[in-house]
Amino acid sequence: MRIGILLNERGGPRALDMLTDDMRRAADEGFSSCWLSNIFGMDALTAHAVAGSRVPGIELGTAVVPTYPRHPTTLAQQARTVALALGPGRLTLGIGLSHQMIIEDMFGYDFARPLRHMDEYLSVLLPLLNGEPASFAGETVKAEIELSVPNEGRVPVLLAALGPKMLKLAAERTDGTALWMTGPATVRDHIAPTITAAAEAAGRPPRG
């Protein structure tokens with residue numbers, strides 16, 4: 001079993017230095033990965049690029065970056081640049097819808113079709129993270145573009161999911177799900193069996 005740790009957001013002028021110390025401590029204590037939420041403080045991907053480049057070896061991930069405020073091309077470009085800074089195999093991109101109150105009331109985006117939004121978002125994000133061109137025209141997302149960030153390998157993606165339809169989407173199209181404030185009974189009785197069954201039906205082994 002590989003165990004990671006969700007790090008607390010740091011504040012003040014030494015926030016990145018303190019985050020670096022947190023990552024180094026986690027690596028020294030044997031954690032396999034460190035995760036950062038992307039809320040209203042430091043940008044999680046940028047923080048990983050800075051602090052993570054000072055602490056070699058330990059894997060890093062976002063849990064999670066909200067999708068609505070960023071076009072999938074922009075997020076793919078940023079994630080691939082961070083992955084390039086960290087080195088192959090260290091970054092996992094966790095993404096999620098966020099919440100209606102935040103997306104509509106704070107950002108001013110329409111939250112009416114979250115499942116369709118995420119499905120279409122992945123249709124652009126995933127090929128770009130795999131180093132392939134994206135050609136897609138949906139109802140909520142459109143792109144005809146290719147990136148030239150010189151990565152080695154792909155950037156894996158986790159999708160924050162709880163409901164059965166979103167868990168099915170995570171199983172069919174991504175590397176697994178990212179959870180938050182979810183108890184062990186819910187994981188055991190709902191999330192694990194739902195995503196496992198969906199992955200098996202799609203011919204894909206669940207990864208996380």
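I begin with Ala161, which touches Met166, Leu167, Thr177, Ala178 and Leu179, leaving aside residues up to four places away in sequence. Please keep in mind that this is a predicted model. Ala161 sits in the loop between β8 (157-160) and α6 (164-173). Is Ala161 buried or exposed? Its relative accessible area is 9%, under the 20% limit, and therefore Ala161 counts as buried. One distance deserves mention here: Ala161 and Pro150 are eleven residues apart in sequence, yet their C-alpha atoms lie 31 Å apart in space.

Let me turn to the core. The largest nonpolar core comprises 53 residues, and Leu93, Ile95 and Leu125 have the most contacts inside it. Helix α5 gives the most to this core, contributing eight residues. As for Leu93, what does it touch beyond residues up to four places away in sequence? Its partners include Leu45, Val65, Leu75 and Ala79, together with Leu125 and Leu129. Val155, Pro156, Val157 and Leu158 are also among the residues that Leu93 touches.

Leu45 brings us to helix α2, residues 44-52, where it is one of the buried residues. This helix is mostly covered, with seven of its nine residues buried. Besides Leu45, the buried set consists of Ala44, Ala47, His48, Ala49, Ala51 and Gly52. Against which elements do these buried residues pack? They pack against the helices α1 (15-28) and α3, and against the strands β2 (33-36), β3 (59-62), β4 and β5 (91-96).

Next, the aromatic rings. How many aromatic pairs are there? The count comes to one. That pair is formed by Tyr68 and Phe111, with 5.4 Å from centre to centre and 40° between the planes, a tilted arrangement. It links distant parts of the chain, 43 residues apart: Tyr68 belongs to the loop between β4 (65-66) and α3 (72-86), and Phe111 to the loop between α4 and α5. Tyr68 is buried, because its relative accessible area is 10%. Phe111 is likewise buried, at 12%.

Finally, the surface. Phe107 lies in the loop between α4 (100-106) and α5 (114-129). With 41% relative accessibility, Phe107 counts as partly exposed. Together with Ile39, Phe40, Met101, Met106 and Tyr109, Phe107 makes a nonpolar surface patch of about 680 Å². The loop between α4 and α5 thus holds both Phe111, which is buried, and Phe107, which is partly exposed.

Thank you for your attention.

Conventions:
Residues numbered from 1 in each chain as written. Predicted model: local features only at pLDDT ≥ 70, side-chain atom pairs only at ≥ 80, totals over all residues. Heavy atoms only, no water. Patch = residues over 30% accessible without salt bridge, like charges linked within 9 Å, V, L, I, M, F, W, Y side chains within 5 Å. Areas by Shrake-Rupley, 256 points an atom, 1.4 Å probe, with all protein chains shown as cover. Salt bridge = Lys/Arg side-chain N within 4 Å of Asp/Glu carboxyl O. Helix = DSSP H or I, 4+ residues; strand = E, 2+ residues; numbered from the N terminus. Buried < 20%, exposed > 50% of the residue type's maximum accessible area, 1.4 Å probe, protein only. Contact = heavy atoms within 4.5 Å. Core = buried A, V, L, I, M, F, W, Y, C linked by side-chain atoms within 4.5 Å. Phe/Tyr/Trp six-rings, centres within 6.5 Å; stacked < 30°, edge-to-face > 60°.
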